[in-house]
Amino acid sequence: LTVNQLKREAMPEFSPKTLQITGTYSGATAEEIEEAIAVPIEEAISQVSNIKSISTNAMEGAVNIRVEMADGGEWNDFYNDIKTKVEAITTFPSEFEKLNIQQFNFTDQVVSIVVYGDCEMKSLKDYCEKLKRKFELASPGALVTISGFGNLEVRVELHPDIIDAHR
């Protein structure tokens, strides 16, 4: 066997073996994330078959859980079983944003940076956008994403008497 005979591909065949569960809970400490989010997820999925390993990273404002499938497992069953267990959890705090459950890809997170400060959410998001551009300039081709900022909402409450006066 020589090097010239080795199979080479730009996009080699690959079977998924790891899924990633991520979510954000703005303002929560790592301990709050661990207790309110990570532990319930770990407990819910612990009985799913074909789990090789679970790796959890609870940090300020976010959680990242990777679940690796054991050899011999069937991906669709593995993924669907975990998704079903996680989506059945009803004890998450109301401020916790929706979880994202997806196949772990080679382009997935290499580094995670939590940015926080005593300022308005818009200012913090603007700062993160500037930071993102700096990372992209420093490392062309890098995939840099920002998460943890929900959609802006406006709540308007009107007194019933005011509404009646304008009818």
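Student: What makes Lys122 and Asp126 a salt bridge?

Tutor: This is a predicted model, and in it the closest N and O atoms of Lys122 and Asp126 are 3.2 Å apart. A salt bridge needs a side-chain nitrogen of Lys or Arg within 4 Å of a carboxyl oxygen of Asp or Glu. The value of 3.2 Å is within 4 Å, so the pair counts as a salt bridge.

Student: Where do Lys122 and Asp126 lie?

Tutor: Both are in helix α3, four residues apart, which is about one turn of the helix. An α-helix has 3.6 residues a turn, so residues three or four places apart point the same way.

Student: Why is Lys122 called exposed, and what is Asp126 called?

Tutor: Exposed means over 50% relative accessible area, and buried means under 20%. Lys122 has 53%, so Lys122 is exposed. Asp126 has 35%, which lies in between, so Asp126 is partly exposed.

Student: How many salt bridges are there in the whole structure?

Tutor: A search finds five. One of them joins the side chains of Glu136 and Lys132, at 4.0 Å from N to O. Glu136 and Lys132 also lie in helix α3, four residues apart. Glu136 is partly exposed at 30%, and Lys132 is partly exposed at 23%.

Student: What does the salt bridge between Asp71 and Lys17 tie together?

Tutor: The closest N and O atoms of Asp71 and Lys17 are 2.4 Å apart. Asp71 lies in the loop between β3 and α2, and Lys17 lies in the segment before β1, so the pair ties together parts that are 54 residues apart in sequence. Asp71 is exposed, with 65% relative accessibility, while Lys17 is partly exposed, with 26%.

Student: Where is the kink in helix α1?

Tutor: Helix α1 covers residues 30–45, and a kink of about 35° lies at Ala38, shortly before the proline Pro40. Both Ala38 and Pro40 belong to the buried residues of α1, which also include Ile33 and Ile37.

Student: What covers the buried residues of α1?

Tutor: The cover includes strands β1 (18–24), β2 (51–59) and β3 (62–69), together with helix α2 (75–87).

Student: Which residues form the nonpolar patch on the surface?

Tutor: Val111, Ile113 and Phe135 form the patch, with about 300 Å² of accessible area together. Val111 sits in the loop between β4 (100–103) and α3 (121–138).

Student: Why is Val111 called exposed?

Tutor: The relative accessible area of Val111 is 62%; this is over 50%, so Val111 is exposed.

Note on methods. Residues numbered from 1 in each chain as written. Predicted model: local features only at pLDDT ≥ 70, side-chain atom pairs only at ≥ 80, totals over all residues. Heavy atoms only, no water. Bend = angle between axes of the 7 residues up to and from the residue. Helix = DSSP H or I, 4+ residues; strand = E, 2+ residues; numbered from the N terminus. Buried < 20%, exposed > 50% of the residue type's maximum accessible area, 1.4 Å probe, protein only. Contact = heavy atoms within 4.5 Å. Patch = residues over 30% accessible without salt bridge, like charges linked within 9 Å, V, L, I, M, F, W, Y side chains within 5 Å. Areas by Shrake-Rupley, 256 points an atom, 1.4 Å probe, with all protein chains shown as cover.
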